[in-house]
Structures are given as C-alpha cells and as structure tokens.
Amino acid sequence: MTDVATPVPVAAAARRGLLPRTLASRSGLVGAVLVTLVVLAALAAATGALPFDAISQNPADRLQGPSGTHWFGTDQFGRDVFARSASGAANSLLIAVVAVAIATVVGTVAGVLAGFFGGWSGRSILGVTNVLFAFPPLLLALALASAFERTWLTVAIAIAIVYTPIFVRVTRGPVLSLREADFVQAATVLGFSPLRTLARHVLPNIAPIVIVQITLSLSWAVLTEASLSFLGLGTPPPAPSLGSMVLEARVLVNVAWWTMAAPGAVIVALVVGLNLLGDGVRDALDPKNGDRR
C-alpha cells in the first residue's frame, strides 16, 4: 500500500500537462513504453488483427520454436503462443480495469464519507475495511472467486472487493486533513452544502493520490488475476489466460521453453510497466519536482 501524503492541488500539474510530465521521468517513459507495447498487442488480439487465432488448433505445427511465422512458437496443440499471450493480456487488462474501476469508485466514495462526515457511518466503513484487511489479499480473492460461477466478471468483482479497502484508507487520511483546512472551513461558514464543498474543494485535492493509486492497483490486479488463473480460478477456458498458460507450460518447459517464457514475459512487462508508470505519474503530480523538470 502506498503511503498517504498530504494532498496538493492538481492545477499546477494540469497546466503543464500530466502526460508530458509523466514521460519526462525515466521511470514514466519506460513504463509507458512497456504498457503501450502490451496494450497494442492486446488490442490486435481483441480486434482479430493477428494472423493466427488464439484458440484454433493445428497439430501439424505443434511445439515449433520461435520463428518468423510464429514469433513465440507454438504449444502442444499447435496454437500460436504469441496470439494466445496477446489474447491473455487482453483478458487480464479487461479484468484489471473493471476491478480497479469498481474499487476506485466504491473505495473513494466510502473513504470520503468516512473522513468528511465521520460519526457512525465512518466507524462502520472503517470496521468493514479492517475486517477485509485482516485477510491476505490472494486468499480473500481465492475465497470470493471460488464462491461464484467462473466468469471474467466474477473474477473482476472478487479482485475489486480485495482492493476497495486500499482506496478507503488512501482517501480517508487526506480528507481528514482537508476537513480542517481553512478554505473548507470558510466554505462551510459561507453556507456551501457538503456536496458542493466536496466537489469543489475536497475531491480535486485528493485526485493526485487516487490517480497514483489507480496505476499501482492496476499492476496488482493483473498479478492477482494471473495468480487466480494459475490456481484454476481465473478466466474459464477456452479463453486464454496468462496464468493458465504458465500452468499448462510446466510440463513442457524442458522441451518447449517458449511456452512458459512468453506468457511470463508478458506478465512481467505489464506489471513492471504499470508500476513504473505509477512512479512517473506520482512524480508528475508532486509539486516538489516542478523545479527539477
């Protein structure tokens, strides 16, 4: 979990442009390149732009090594490993984006309510958050995913439940500080409604923290989805999944190393890329770095 920093306005970063400031850092640039490459491959697989299908079998081409025809080789059924890795990345990204979107909305709203209003509602939210934090994330995701029918949506919801408490904690602390700030107190004295105060003064100031947390949570969600698939609780077949591809390749690694190396490399590139991109976004939104760019 990231440390909760004192919230700062996003206006300075917005004026300079978030994307250029992110790419100005080495970590942000490398992360953006890695994520872009994986996303482009995933989009090509999702739109059918690749020359090979991720599911179609061709026994005559089984266990062929990497070549100009099959960039990542073929598996034991003659399926193109590159197409399957790209399709698996598309499925992982879909689940991660949906899961983090749910966690962001629910966790941010709950954290803002707990921090700004407090009272019994805040104590109730913190109680539920502490209960969820008591379980190891992967174990909780396993329990939730196994309790429902295996679909990509149930996997996404299970991951969202695991990461929602993080957004509650990340947003509640800054909101507690902002609630005592002079400009928030002044808005209250002037008769602004709580909703207007939240929209104009609180949410814009916690936006940088939430944005950084989103990028980091995306990488964790991808890794969690791959772990669930490796354990047999991820996206159901025949849809390819990076985790299930690594699982299937265990018995082939001695004769066809590329069947494990390819999906493993995609997982590493996506997770590392998202983490580096998160570091770049954090630096871009930090006003202390403004003079060093």
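Student: In which hand does α10 pass α11?

Tutor: This is a predicted model, in which local features need pLDDT of at least 70 and side-chain atom pairs count only at pLDDT 80 or more, while totals for chains, interfaces and linings use all residues. Residues are numbered from 1 along each chain as its sequence is written, and side-chain values use heavy atoms, without hydrogens and water. A crossing is left-handed if the near helix is turned anticlockwise from the far one by less than a right angle, and right-handed if clockwise. The crossing of α10 past α11 is left-handed.

Student: How are α10 and α11 oriented to each other, roughly parallel or roughly antiparallel?

Tutor: The axes of α10 (residues 242–249) and α11 (residues 258–285) come within 8 Å and cross at roughly 150°. Angles under 35 degrees count as roughly parallel, over 145 as roughly antiparallel, 65 to 115 as roughly perpendicular and the rest as oblique. The two helices, α10 and α11, are therefore roughly antiparallel.

Student: Which residues of α10 make the contact?

Tutor: Contact means heavy atoms within 4.5 Å. On the α11 side the contact involves Thr-259, Met-260, Pro-263, Gly-264, Val-266 and Ile-267. From α10 come Leu-242, Met-245, Val-246 and Ala-249.

Student: Is Pro-136 buried, partly exposed or exposed?

Tutor: Pro-136 lies in the loop between α5 (119–133) and α6 (137–146). Buried means under 20% relative accessible area, exposed over 50%, and partly exposed in between (1.4 Å probe, protein chains only). With a relative accessible area of 44%, Pro-136 is partly exposed.

Methods
Axes fitted to C-alpha atoms, helices over the stretch in contact; angles between N-to-C directions. Helix = DSSP H or I, 4+ residues; strand = E, 2+ residues; numbered from the N terminus.
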